[in-house]
Amino acid sequence: MSNHPKDNLLVLIRSLSKSEKRHFKLYVNRLDVNSDAKFLMLFNLLDKMNEYDEALILKSKIVTKQQLSNLKAHLYKQILISLRLNPVNQNIRIHIREQLDFATILYYKGLYKQSLKILEKTKVLAVENEEKNIAYEIVELEKVIESQYITRSIHGRADELILQSKELSRQNGIASELSNLSLQLYRIMLKSGYAKSDLEMKIITDDFHKNMPKYKIETLGFREKLWLYKANLWHSFLIQDFLSCYKYAKKWVNLFHENEQMIYLNPVWFIKGNNYLLECLYLIKHKSYFKNTLEKLEQSFDSDLFPKNENLNSLRFLCVSNSKLNLHFLEGDFEGGMYLVASILKNMKVHEDRIDEHHVMVLYYKIACLYFGNGDNKKCIDYLKKIIDNKSLSMREDLMCFARVLSLVAHFDAGLDYHLEKQLKSTYTFLIKMNDLHGVQKEMIKFLKNLGSIYPQDLKSEFRKLHARLQVFENHPYEKRAFLYLDIISWLESKIENKPVAQIIREKSSKILR
């Protein structure tokens with residue numbers, strides 16, 4: 001990904017499909033006076049640019065430097081209006097907002113009866129589609145109008161509106177508390193990764209229960225249940241209870257299948273729910289269900305009913321790419337997964353404006369693991385270097401830590417001993433700084449540090465000793481996370497048995513019945 005700042009207007013124009021660009025020009029040219037408008041000329045010029053070039057814009061004489069900022073802002077607004085009016089982008093949420101706007105206009109014109117008629121229909125539609133924040137806005141506007149437009153049923157109507165307002169407020173309050181809790185846990189996951197100690201686990205769990213609102217599951221609607229399952233999923237991830245992760249990811253996905261219309265209204269959360277379900281199945285190594293879930297998800301994507309847009313294409317790319325890589329890791333089929341690399345790199349470029357840095361680094365790490373399993377240590381090191389050289393410490397610290405540990409192992413395997421001492425020192429310093437120097441890492445660093453004093457004929461014996469020491473950590477509540485990032489046990493067994501690491505993982509995979 002390029003580190004150069006992006007011009008928001010150019011990014012927006014580049015995101016437009018051919019049909020959206022055509023619709024924009026038709027929208028602009030609906031008035032003859034706009035045919036030579038400066039903002040349309042600027043649009044046509046920017047549409048031909050791959051990177052923003054202000055000098056070229058000024059050279060075109062379309063606009064002066066002093067006017068450029070205002071013209072860009074006007075063009076940006078006109079594009080958004082065009083997208084808003086484009087039938088391709090219409091959905092039930094936008095329709096509800098539009099009807100609320102119409103009702104508001106009628107209210108300001110004093111046409112109270114007409115406004116109330118639209119509001120009543122729109123409110124029913126909003127509640128049916130779990131748009132309860134908008135439904136609450138509608139009820140509040142109804143209350144304002146009813147206080148000015150006196151009808152014979154005002155007493156009964158007032159009571160009805162008060163009850164609706166209270167119930168929607170209650171449901172929105174629960175949803176807000178659950179969404180806040182979910183976002184807080186997600187932030188911790190991205191910043192620090194899994195809990196690393198009893199103290200961290202206690203803090204996370206205490207905060208989780210403290211901020212969990214009181215509720216009765218039978219009174220929750222689709223939206224409230226969705227946030228509830230998200231919050232529980234992230235808490236389970238943080239404390240490394242992967243069976244619980246699977247439980248809540250499954251509830252999340254089933255919620256959509258039980259309310260099928262929500263798949264098409266909230267496709268982003270449908271994709272993310274399936275992505276986490278696949279991640280959980282990878283962590284608990286349930287191959288058959290993993291394959292079935294991925295196949296079912298791809299069938300959903302191919303359905304004519306499933307919404308199509310650039311954002312969903314980017315999310316689909318991330319979900320399917322990560323899942324297919326994980327499937328090859330599960331099966332130990334590293335060579336068979338190599339075909340994915342070119343496609344992933346190409347799509348990373350296509351979707352670069354919509355993929356955040358965190359997801360890019362995760363993909364680099366998985367590609368590095370693919371090369372490592374395939375025995376191409378130099379390529380593995382190249383991709384790990386992209387993570388190690390990243391100076392943004394706001395991303396997953398645990399991912400960056402294990403990228404350094406895997407890099408050490410890859411340097412050793414590649415025979416790049418002259419880089420090893422510098423790598424060891426750098427990794428050790430980084431782990432201390434991150435307060436992430438734990439048992440598995442200590443044993444690995446100690447082993448690699450002592451390589452110079454080990455005779456070649458004693459190397460296999462030392463591998464066996466390290467293997468025995470690391471096996472102790474496989475089921476440790478906090479140390480086991482190391483093996484989620486790097487299957488160091490299989491690597492050691494490959495050294496002891498003189499087999500490729502991929503073969504060791506395949507043999508283990510074949511013994512897993514599910």
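What follows is a short chat about confidence, cavities and ring pairs.

Trainee: What is the mean pLDDT of the protein?

Mentor: This is a predicted model. Its mean pLDDT is 87, and 93% of the residues reach 70 or more.

Trainee: Where is confidence lowest, and where is it highest?

Mentor: Lowest in helix α24, residues 482-485, with a mean of 72. Highest in helix α12, residues 242-258, at 96.

Trainee: What lines the largest cavity?

Mentor: I271, F301, F306, P307, K308, L312, N313 and R316. By class, that lining has five nonpolar residues, one polar and two charged.

Trainee: Which helix gives the most to that lining?

Mentor: Helix α16, residues 310-331, with three residues.

Trainee: And which residues line the second largest cavity?

Mentor: F402, V405, V440, M444, A482, F483, L486 and I488. Eight are nonpolar, with no polar and no charged residues.

Trainee: Changing topic. How many aromatic pairs does the search of the whole structure find?

Mentor: It finds 22. Take F270 and F306: the ring centres are 6.1 Å apart and the planes meet at 50°, so this pair is tilted.

Trainee: Which parts does that pair tie together?

Mentor: F270 sits in helix α14 (residues 267-283), and F306 in the loop between α15 (287-302) and α16, so the pair ties together parts 36 residues apart in sequence. F306 also belongs to the lining of the largest cavity.

Trainee: Are F270 and F306 buried or exposed?

Mentor: Both are buried. F329 and F334 form a tilted pair too, at 5.8 Å centre to centre with 35° between the planes. F329 and F334 are both buried.

Trainee: Which residues do ring pairs link into a cluster?

Mentor: Y186, W227, W234, F237, W252, W269 and Y276.

Trainee: What lies over the face of W227?

Mentor: K230, at 3.6 Å from the ring centre. K230 also lies over the face of W269, at 2.8 Å from that ring centre. Both tryptophans, W227 and W269, belong to the cluster.

Note on methods: Residues numbered from 1 in each chain as written. Predicted model: local features only at pLDDT ≥ 70, side-chain atom pairs only at ≥ 80, totals over all residues. Heavy atoms only, no water. pLDDT = per-residue confidence, 0-100. Helix = DSSP H or I, 4+ residues; strand = E, 2+ residues; numbered from the N terminus. 1 Å grid on protein atoms, 1.4 Å probe; cavity = no way out; pocket = protein on both sides within 12 Å on 5 of 7 lines; lining within 4 Å. Nonpolar A, V, L, I, M, F, W, Y, C, P; charged D, E, K, R; others polar. Phe/Tyr/Trp six-rings, centres within 6.5 Å; stacked < 30°, edge-to-face > 60°. Buried < 20%, exposed > 50% of the residue type's maximum accessible area, 1.4 Å probe, protein only. Lys NZ or Arg CZ within 6 Å of the ring centre and 35° of its normal.
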